[in-house]
Amino acid sequence: MSGIEDPVDELSVTPPKTWATGVPAVTHALEYALGQTSVRRTALTLLNINQAKGFDCPGCAWPEPAPGKRHRNEYCENGGKHIADEATSRRVTAGFFREHSIAELDAKSDYWLNQQGRLTEPMVKRPGATHYEPVGWDEAFGILADELRSLDSPDEALFYTSGRLNNEAAFLLQLFARAYGTNNLPDCSNMCHESSGSALGETLGIGKGSVSLDDIHEADLVFVVGQNPGTNHPRMLSALEETKRNGGQVVAVNVLPEAGLMRFKHPQKARGVIGRGTEIADQFLHIRAGGDLALFQALNLLLLEAEDEAPGTVLDHAFIASDTTGFEAFAEHARKTRWEDVLEATGLTREEIEEVHRRVLAGRKVIVCWAMGLTQQKHGVPSIREIVNFLLLRGSIGRPGAGVCPVRGHSNVQGDRTMGVWERMPREFLDALGREFSFTPPAHHGLDAVDSIRAMRDGRASFFLGVAGNFVRATPDSEVTEAALRRCRLTAQISTKLNRSHTVCGETALILPTLGRSDRDVQEGGLQFYTVEDSMSEVHASRGRLAPASPHLLSEVAIISRLARRALGDEPAIPWEEFERDYGTIRDRISRVVPGFEEFNARVDRPGGFTLPNPVNQGVYPTPSGKAVFTRNEFTMLRAPEGHLILQTLRSHDQWNTVPYAMNDRYRGIHNARRVVLVNPADLAALGLADRDLVDLVGVWEDGRERRAPAFRVVSYPTSPGSAAAYYPETNVLVPLDSVADISNCPTSKGVVVRLEPTAAGG
């Protein structure tokens with residue numbers, strides 16, 4: 001039996017922190033690393049992570065400084081934990097699966113599953129079996145290929161990936177799926193930043209951010225909206241510190257106060273070790289859940305009125321005339337904004353919003369950053385479109401120190417999309433892919449993550465291949481999702497470590513263990529490297545340094561290539577063996593299919609790689625009109641019935657995506673527990689609840705159905721009035737499959753109407 005204990009909630013609470021990082025962050029990262037592996041292995045990983053000749057952190061997608069400007073320890077606390085988690089010396093062997101039934105594993109916590117260590121050999125659950133058993137790679141590929149060939153339609157198969165996948169494997173995955181005959185390529189973007197892509201694609205013509213690290217440093221004003229850099233991408237705080245030291249200002253907009261946006265103690269600088277560090281946010285807007293659209297509508301109204309008072313001094317009329325369309329209709333609509341609506345939706349005072357307006361007027365170089373606090377709202381797309389309106393008014397797009405900055409949360413999630421992992425890739429990409437490989441890719445749109453779950457639920461899809469990630473715990477409506485996967489004839493997971501997706505099985509299930517980002521990848525053509533794209537469109541190499549966890553592991557490139565050969569045969573004639581032997585041959589093909597990757601092999605060989613061109617920064621907007629688009633966005637706000645709150649799901653500080661590394665949320669003062677709900681003290685009093693009461697969270701939806709997450713401890717916390725917060729994936733059960741953002745189909749995990757129902761065992 002494993003010596004790892006399944007944790008039990010034993011809640012203790014301390015005051016929330018008012019600063020982030022510093023020496024404790026270094027200490028916690030090292031403690032976790034040394035608990036996972038040896039001193040030597042820890043040093044080898046930490047000294048190579050995010051270095052020009054090392055490997056890219058498999059955690060967040062925040063970019064590294066240029067080579068020569070990087071610190072020797074170019075990682076954050078959570079990056080250090082993440083790589084230690086992958087580099088662990090613990091192993092999951094065939095004996096482990098003989099000892100533990102699938103039902104027993106399914107009863108374990110996410111923490112316990114992850115802590116068992118690296119997977120070491122392929123495993124299969126055969127129809128009717130209660131346990132996984134070893135299977136050879138050749139037989140595993142045969143099982144997969146036979147199932148794919150038996151489907152009545154290629155659209156009965158789903159090919160999912162998370163942002164951990166590298167560019168080369170992502171390109172091969174989408175090539176395989178399309179050569180097989182489907183565009184069913186759901187990915188983790190569907191659950192997080194799909195709203196960003198939808199809004200930016202419509203307004204600017206490209207679904208990516210437009211700024212660089214240098215732009216962040218040079219900005220006069222940076223908005224950080226619906227985002228917690230101190231936990232989710234701590235190295236962003238270093239960039240914001242540079243903004244402040246260069247005279248710029250920061251406005252934080254959040255439902256919860258976040259320690260990193262209060263004060264940052266840089267652990268690599270004296271002022272962060274022995275000094276007070278740097279105050280980051282010059283102003284904190286304690287906004288109500290879902291109030292971001294109304295906030296930017298109010299700021300746009302104020303800009304229009306300021307231009308009325310001083311014509312020619314506020315708006316950039318030359319830019320608006322030359323580079324945009326739709327301004328007059330937008331302005332007419334914006335002038336109808338009512339302050340009583342804004343104040344109700346935001347929970348802010350007019351004085352607070354006008355103070356932000358004065359900061360905007362004081363500088364021309366403005367950047368707006370955002371994350372899932374915006375994208376997972378019902379009206380996430382209109383909110384981001386309104387942010388684009390705000391920036392267009394003063395020409396703060398496509399200029400140094402200004403622009404849009406969606407901060408993506410997983411290492412190569414943006415690169416996966418660039419490589420074609422999207423169910424709705426444009427015709428130009430499909431045509432280029434078809435020309436390069438002499439076949440006709442399917443033209444009809446495929447299924448995203450939410451629609452994939454619906455298809456499995458309804459019996460329209462029966463084959464699920466997950467490449468990296470933890471689909472079961474990343475998706476909404478947990479009970480529906482699990483039942484949908486269990487309806488499949490075959491589910492297969494390409495993974496480095498054990499997770500919940502291995503315990504929720506189809507009739508047949510496969511675990512295909514793969515190399516990690518930090519592992520050496522040696523193929524017939526020699527030592528290989530991968531590439532990744534960060535959230536600022538910089539593409540660079542990643543070279544693993546560690547001996548693989550097992551001699552039985554295959555790389556993701558090798559797994560996809562071998563499966564494609566078995567499933568497709570020689571039609572179409574794609575050189576899968578060549579791709580597996582030498583990843584440079586994949587990059588040669590990418591260079592002829594994906595715009596911006598010309599001379600890929602030569603350019604990525606340079607230290608630090610290269611930056612993909614962004615047409616917006618050249619004044620080019622790939623929209624139908626050829627211009628940036630002002631939009632009219634109807635006012636809306638989230639409303640909860642009396643006696644209810646609006647809940648947002650979030651992750652703790654000791655967590656990466658769906659996996660908790662510990663039972664703590666140090667910055668928020670939560671220790672030894674995850675089933676907690678953070679509620680404003682005034683709301684607790686109004687609801688007749690007391691701190692530490694035991695409650696069920698009951699989600700209430702327009703269809704009249706209720707969903708329940710039982711046994712949460714109430715913690716009094718400074719959330720904005722009417723708002724509450726709790727950790728996912730424990731609260732994913734509360735988000736219905738059909739509750740999605742308009743246009744983007746992104747689950748609405750930041751707008752869950754709940755009531756807090758005392759349990760019979762409460763107190």
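What percentage of the 763 residues in the protein do buried residues make up? I looked this up first, and the share is 65%. I keep in mind throughout that I am reading a predicted model.

**Entry: overall form**

I counted secondary structure and found 31 helices and 33 strands in the protein. I then took the box filled by the C-alpha atoms along the principal axes, and noted roughly 75 × 65 × 55 Å. For the radius of gyration I noted 25 Å, which agrees with the value near 27 Å that a compact globule of 763 residues would have. I also looked at contacts between residues at least 6 apart in sequence, of which 79% join residues at least 24 apart.

**Entry: strand β16**

I went to strand β16, residues 463-467. Is this strand enclosed or open, and why? I found that 5 of its 5 residues are buried, so β16 is largely enclosed by the rest of the structure. The cut-off I applied for buried is under 20% relative accessible area. In general, side chains in a regular strand alternate between the two faces of the sheet. In β16 I see Phe463, Leu465 and Val467 pointing one way, with Phe464 and Gly466 pointing the other way.

Next I checked the pairing of β16. Strand β7, residues 157-161, pairs with β16 in the parallel sense over 5 bridges.

I moved on to an open sheet of 3 strands. Which order do the strands take? I read the order as β21-β22-β23, and the pairing is antiparallel. The edge strands, each pairing on one side only, are β21 at 530-533 and β23 at 610-611. Between β21 and β22 (residues 538-542) I found 4 bridges, and these two strands run antiparallel. Within this pair, I see His540 of β22 standing opposite Val532.

I then asked what packs on this sheet, and found helix α8, residues 167-180. Helix α8 touches β21 and β22, and its direction makes about 85 degrees with that of β21.

**Entry: helices α8 and α23**

I followed α8 to a helix partner, α23, which covers residues 427-437. The two axes come within 12 Å and cross at roughly 85 degrees. An angle of 65 to 115 degrees counts as roughly perpendicular, and α8 and α23 are therefore roughly perpendicular to each other.

Which residues of α8 meet α23? I listed Phe171, Gln174, Leu175 and Arg178 on the α8 side. On the α23 side I listed Phe429, Leu430, Leu433 and Phe437. By class, the residues of this contact divide into 6 nonpolar, 1 polar and 1 charged.

**Entry: Gly80**

Is Gly80 buried or exposed? Gly80 has a relative accessible area of 3% and is buried. Leaving aside neighbours within four places in sequence, I found Gly80 in contact with Leu46 and Tyr75. I also checked Gly80 against Thr475, 395 residues apart from it along the chain, and the separation of their C-alpha atoms is 26 Å.

Note on methods:
Residues numbered from 1 in each chain as written. Predicted model: local features only at pLDDT ≥ 70, side-chain atom pairs only at ≥ 80, totals over all residues. Heavy atoms only, no water. Pairing = 2+ DSSP bridges. Contact = heavy atoms within 4.5 Å. Axes fitted to C-alpha atoms, helices over the stretch in contact; angles between N-to-C directions. Parallel < 35°, antiparallel > 145°, perpendicular 65-115°, else oblique. Nonpolar A, V, L, I, M, F, W, Y, C, P; charged D, E, K, R; others polar. Buried < 20%, exposed > 50% of the residue type's maximum accessible area, 1.4 Å probe, protein only. Rg over C-alpha atoms; globule rule 2.2 N^0.38 Å.
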